[in-house]
Amino acid sequence: MFLMIETHQIDFSDMTFCMSFPLESPAVSASIGMVGVINPIIVSGCPCQGKYQIVAGFRRAFACLDIGLAQIPAQIYPVDPDNPLAAFCLALYENLAHRTF
């Protein structure tokens, strides 16, 4: 299950879990522009406590921002402040699923 969250509710400056460089991807932007976001990004946090933190899906999130989408489908992942390694592992596993390092 996912929610539609407003792009202005996402902290795009927080790169804690980012594994994608460069973030700009014309191919991802074009794909999302044509068919939308197929796999929701994963975020943590709550807009009531500030902004959402991207855990996985940085290129998708930045592509949505690039093409001007007001909302992005996202899964909310509760990050334990005492165990950020669990969120890092989630980001790593999602990236391992579709790329080689």
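Axes are lines fitted to C-alpha atoms, for helices over the stretch in contact, with angles from 0 to 180 degrees between N-to-C directions.

A quick word on what you have open: this is a predicted model, where local features need pLDDT of at least 70 and side-chain atom pairs count only at pLDDT 80 or more, while totals for chains, interfaces and linings use all residues. Residues are numbered from 1 along each chain as its sequence is written, and side-chain values use heavy atoms, with hydrogens and water left out.

Helix 3 lies across strand 3 and strand 4, running at about 50° to strand 4.

Five of them form an open sheet in the order 1-5-3-4-2, with mixed pairing; two strands pair if DSSP finds at least two bridges between them. At the edges, pairing on one side only, are strand 1 (3-6) and strand 2 (10-11). Strand 2 runs parallel to strand 4, and two bridges join them. Zoom in there and you'll find D11 opposite Q53 of strand 4.

Time for the inside. The largest nonpolar core has 25 residues, and I10, F12, I41 and F58 touch the most other members. Such a core is a set of buried Ala, Val, Leu, Ile, Met, Phe, Trp, Tyr and Cys residues joined through side-chain atoms within 4.5 Å. Buried means under 20% relative accessible area, exposed over 50%, and partly exposed in between (1.4 Å probe, protein chains only). Helix 2 gives the largest share of this core, five residues. Click I41: leaving aside neighbours within four places in sequence, its contacts include I10, A56, R60 and I72.

Stay with R60, which is buried at 18% relative accessible area. Its side chain meets that of E94 in a salt bridge (2.8 Å, N to O), meaning a side-chain nitrogen of Lys or Arg within 4 Å of a carboxyl oxygen of Asp or Glu. R60 is in helix 2 and E94 in helix 3, so the pair ties together parts 34 residues apart in sequence. The structure holds one salt bridge.

Terms used
Helices (H or I, at least four residues) and strands (E, at least two) are DSSP runs, numbered from the N terminus. Contact means heavy atoms within 4.5 Å.
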